[in-house]
Amino acid sequence: YGAGYNDVADWNIGDAVPFKLIGTIPAMDGYDTYKYIFHDTLSNGLTLNESSVKVYVTKTKDANLESATKLTATTDYTLITSNTGDGCSFEVVFNDLTEVTIPEGSEYIIVAYTATLNESAVIGLDGNPNKVYLEFSNNPYAEEETNETPKDTVIVFTYELDTTKVDGGSEDPENPAKLQDAQFVLLNEEGDKVAKIDAANKFVAWVDLPAGTGEGGAITYEDWTTYNITMNPVILTSDDDGLFKVIGLDDGTYKLREIQAPDGFNLLPNDVEVVITATTSNGQNWTSGTASEALTKLEVTADSQPGTGDVISGVAGITIENNKGATLPETGGMGTTVFYVLGGILAVGAGVLLVARRRMRGER
């Protein structure tokens with residue numbers, strides 16, 4: 001409901017994920033007071049951005065909220081983020097909806113907010129769900145009595161990119177020698193931002209590239225190493241198994257840039273284009289509640305060479321070769337990635353929606 005909104009979504013760790021809760025405005029004839037409460041439970045991988053919570057009344061589910069009627073916190077409703085009665089993460093409470101000024105023709109109450117996908121986010125299955133239900137008055141003769149809608153669920157997914165550095169000249173191409181101490185940086189699709197990671201190899205944020213001191217403003221290896229100390233860190237180094245990883249990535253296109261090859265090997269002359277692709281249940285048509293039916297396929301390529309994707313672990317794996325002498329290095333793909341996306345359904349006038357940025361492709 002609304003451009004880009006979906007039952008299923010994937011994001012980077014650190015992203016502020018937009019959500020919408022949509023409830024139908026009830027007929028309140030015969031009620032002196034009407035209780036109306038959104039109960040929202042975020043998983044451990046999602047942290048509510050309290051200041052982002054906004055509440056609107058609209059005529060349609062997909063209304064442009066910038067021009068919609070915005071309600072006032074504490075006057076029209078109360079936001080509760082602790083000591084909720086049912087242990088949910090937060091509540092948007094209308095103690096008496098009859099006292100709220102609702103423009104004629106309005107049919108929906110929409111709660112819009114963001115929650116940050118944090119370092120506790122689950123990679124791959126079972127994703128990071130968000131569940132909501134609506135509590136509402138249901139008896140004008142006993143107005144303290146309430147009923148509840150079924151819970152509605154959406155899920156945010158995130159993935160891990162595993163890269164293995166190997167010797168392209170190994171005598172056994174099926175089991176090539178692994179190369180330690182290759183150094184890379186991960187860039188965004190445009191190549192103008194670099195991934196900052198933490199000590200556990202989890203994605204933190206996209207940051208600017210360092211200033212280049214080389215010829216024509218080129219970024220030298222020394223520029224990268226100095227910047228790495230400042231940003232702590234941006235450089236990815238292959239271990240004794242030839243492996244380095246970045247945990248907590250959205251699906252999409254990235255660039256791996258080698259900044260230091262292992263001793264005796266050629267430096268890759270070009271960035272390696274990495275594409276992580278997930279096939280998911282799009283729109284608002286995922287209703288089974290089963291994660292494996294929301295995410296049906298995960299793929300990854302390195303310079304168009306296919307790797308392997310694993311929907312259970314959420315890992316996308318590729319290999320990159322280095323060669324010695326005058327032979328130019330090559331890239332290849334092999335690994336695993338998982339995409340899990342779960343969605344929600346609108347039930348008894350209440351629902352929760354999740355933004356899926358790259359998945360829409362003209363579908364909604």
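1. Lining of the second largest pocket. In this predicted model, the residues that line the second largest pocket comprise seven nonpolar, two polar and three charged residues. The pocket has a volume of about 150 Å³. Its lining includes Ile219, Tyr221, Trp224, Arg257, Glu258 and Asp271. Helix 1 (221-231) and strand 20 (252-260) are the elements that give two or more residues to this lining. The largest share, three residues, comes from strand 20.

2. Glu258, one of the lining residues, meets Lys165 in a salt bridge, with 3.1 Å from N to O. Lys165 belongs to strand 14 (residues 159-167) and Glu258 to strand 20, so the contact ties together parts that are 93 residues apart in sequence. Both Lys165 and Glu258 are buried.

3. Other salt bridges. The model has six salt bridges by the rule applied. Side chains of opposite charge can pair when their charged atoms come close.

4. Aromatic pairs. The count of aromatic pairs comes to nine. In one of them, the ring centres of Tyr36 and Phe94 are 6.0 Å apart and the planes stand at 75°, so the arrangement is edge-to-face. This pair links distant parts of the chain, with Tyr36 in strand 4 and Phe94 in strand 9 (residues 90-94), 58 residues apart. Tyr36 and Phe94 are both buried. Phe90 and Tyr113 also form an edge-to-face pair, at 5.0 Å centre to centre and 80° between the planes. Here Phe90 lies in strand 9 and Tyr113 in strand 10 (residues 108-117), 23 residues apart. Phe90 is buried at 0% relative accessibility, and Tyr113 is buried with a relative accessible area of 3%.

5. Aromatic cluster and charge over a ring. One aromatic cluster is made up of Tyr36, Phe38, Tyr77 and Phe94. Elsewhere, the ring of Tyr5 has the charged end of Lys20 over it, 4.3 Å from the ring centre.

How values were computed:
Residues numbered from 1 in each chain as written. Predicted model: local features only at pLDDT ≥ 70, side-chain atom pairs only at ≥ 80, totals over all residues. Heavy atoms only, no water. 1 Å grid on protein atoms, 1.4 Å probe; cavity = no way out; pocket = protein on both sides within 12 Å on 5 of 7 lines; lining within 4 Å. Points joined across faces, edges and corners; volume = space filled by probe spheres on them. Helix = DSSP H or I, 4+ residues; strand = E, 2+ residues; numbered from the N terminus. Nonpolar A, V, L, I, M, F, W, Y, C, P; charged D, E, K, R; others polar. Salt bridge = Lys/Arg side-chain N within 4 Å of Asp/Glu carboxyl O. Buried < 20%, exposed > 50% of the residue type's maximum accessible area, 1.4 Å probe, protein only. Phe/Tyr/Trp six-rings, centres within 6.5 Å; stacked < 30°, edge-to-face > 60°. Lys NZ or Arg CZ within 6 Å of the ring centre and 35° of its normal.
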